[in-house]
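Dear colleague,

Please find the structure below, with its sequence.

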Amino acid sequence: MNSFKNLPDFLIIGAGKSGTTSVDNYLKQHPEIFISPVKEPNFFGYELNTPKDFEGSPQLNHYNSSVTNIDDYLKLFQGASVGQVKGETSNTYMYHEHAAKRIKHYVPHVKLIAILRQPAERLYSRYLHLAREDKLPSKEFADCLDKNTIWWKRNDLIKEGFYGKYLDEYYKLFDHSQIKVFLYEELREDPVKLHQEIFHFLGVNEDFEIDFSITYNQSGFIKNPTVDKLIGSKSPLVTGLKKIISEKNLQRLKDNRFIFKKVNDLRSKNLSKPKLAKELKSKISNEIYRQDILLLQALIDKDLSHWLD
């Protein structure tokens, strides 16, 4: 048992491109919940690492942008009021080698939430996300079937979809009552019910009504580069604004739901989202993820046969 105070009461451990950014923001609306102002601090995944571990690797940038010191991590929760339930979202906890054991070391009674998306769909959504950022791992999505490509080397691509393998460790380390697993389709079909279940799990008022009018972190190919330069996340206007106003005032702008919704809607309209071909989805699901899906199905006791159809 550790002696640190102000550690989180719950963690959203992933998976990426499964609605975790939206849930992170929706939970912020609840007055009894405090969410870290920094999404994806990744502390429990990187705490045992040093920059030398990632020399010459693109992962070094991700490490450097994470919170790797316990004192800095604790500061993330200083803004919580007495009685608020504290939490943070780091999708990397799903697959980081040391994450589950470090979480157990620091917060053995923590509550863990996972939101999982059909793995081929999650992978395709990640592809569209990287297209939006102009960072595609390869030109064609079908390249992911080639085991000799970067698709099989990066943690956030093929590897992240093996949910059963990763969650198996969590189920071995933590009491099953501490783990709550949702499916992405549950979030899409009935977000009210899903959040009520989260509220019940966290022990806060279940009747609080969330505003679901904003869908966060949408992905796709940029339709009009000129529009993106004006309102995109990396536009000179946005980056310039970050330089001239204080962090506190910048956060106030981010928290202004009216402004955020307007900008978010404009960005979404400038994205093209081609559909994933059914044949390719089936091939990825059955040739790559079939055994892991069956393992996951047994772990969480939910029928996932539709993930393989």
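The notes below begin with the model itself and then turn to rings and backbone.

This is a predicted model, in which local features need pLDDT of at least 70 and side-chain atom pairs count only at pLDDT 80 or more, while totals for chains, interfaces and linings use all residues. Residues are numbered from 1 along each chain as its sequence is written, and side-chain values use heavy atoms, with hydrogens and water left out.

Rings of Phe, Tyr and Trp (its six-membered ring) pair if their centres lie within 6.5 Å; planes under 30 degrees apart count as stacked, over 60 as edge-to-face and the rest as tilted. By this rule there are 22 aromatic pairs. One of them, Tyr46 with Tyr63, is edge-to-face, at 5.4 Å centre to centre and 85 degrees between the planes. Tyr46 lies in helix H2 (residues 43-46) and Tyr63 in helix H3 (residues 59-64), so the pair ties together parts that are 17 residues apart in sequence; helices here are DSSP runs of H or I, at least four residues, and strands are runs of E, at least two, numbered from the N terminus. Both tyrosines, Tyr46 and Tyr63, are buried (under 20% relative accessible area; exposed is over 50% and partly exposed in between, with a 1.4 Å probe and protein chains only).

Asn42 has a positive phi, near 60 degrees, without being a glycine. Asn42 is buried, at 1% relative accessible area, whereas Asp134, with a positive phi of about 60 degrees, is exposed at 69%.

Kind regards
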